[in-house]
Amino acid sequence: MRDARKLESRDSALPWIYRVATNHCLNLRRNAARHGEEALPEFDMASPALPDAFDDRQLAQRVLERFDTQTQAVAIGVFVDGMEHEEVAQALGISRRTVARKLQRFLGNARKYVTRSAP
């Protein structure tokens, strides 16, 4: 918290909290993968609906891991959190155009990866 004065405004505090939380979670995932730890929570595989959901979740994780941290945060903000491009841009401290470019690149490369990975 080098510039605590910047957080006095409610408009700047929420994006900062979001950015810190997102980066922390992405760092945890990356560190778990580096150390060979299980990054996904344990599921009761006895439930018939969970194997498909588990496979989808693993695929999503493999796709995300192919991208840099900022692109991961953009994709999660838009596709998981349902944020608008402008909200993601403000939360991450980047331009709306950068968000759009990163999403376009993410979608194109993610589609290629999923298509190649399909059985």
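**Close-up views of helix packing and a charged pair**

One salt bridge (a side-chain nitrogen of Lys or Arg within 4 Å of a carboxyl oxygen of Asp or Glu) is present in the structure. This is a predicted model, in which local features need pLDDT of at least 70 and side-chain atom pairs count only at pLDDT 80 or more, while totals for chains, interfaces and linings use all residues. Residues are numbered from 1 along each chain as its sequence is written, and side-chain values use heavy atoms, with hydrogens and water left out.

**View 1. Lys102 pairs with Asp68.** Their side chains meet at 3.8 Å, N to O. The partners sit 34 residues apart, Lys102 in helix α5 and Asp68 in the loop between α2 (50-64) and α3. Helices here are DSSP runs (H or I, at least four residues), numbered from the N terminus. Lys102 is buried at 12% relative accessible area (under 20%; exposed is over 50%, partly exposed in between, with a 1.4 Å probe and protein chains only). Asp68 is partly exposed, at 40%.

**View 2. Helix α4 packs on helix α5.** The axes (lines fitted to C-alpha atoms over the stretch in contact, with angles from 0 to 180 degrees between N-to-C directions) of α4 and α5 (residues 96-117) lie 8 Å apart at an angle of about 110°. That makes α4 roughly perpendicular (65 to 115 degrees) to α5. In contact (heavy atoms within 4.5 Å) are His85, Glu86, Val88 and Ala89 of α4 with Arg96, Val99, Ala100 and Leu103 of α5.

**View 3. Helix α3 meets helix α4.** Gln70, Ala73, Val74, Gly77 and Val78 in α3 touch His85, Val88 and Leu92 in α4.

Technical notes: Helices (H or I, at least four residues) and strands (E, at least two) are DSSP runs, numbered from the N terminus. Angles under 35 degrees count as roughly parallel, over 145 as roughly antiparallel, 65 to 115 as roughly perpendicular and the rest as oblique.
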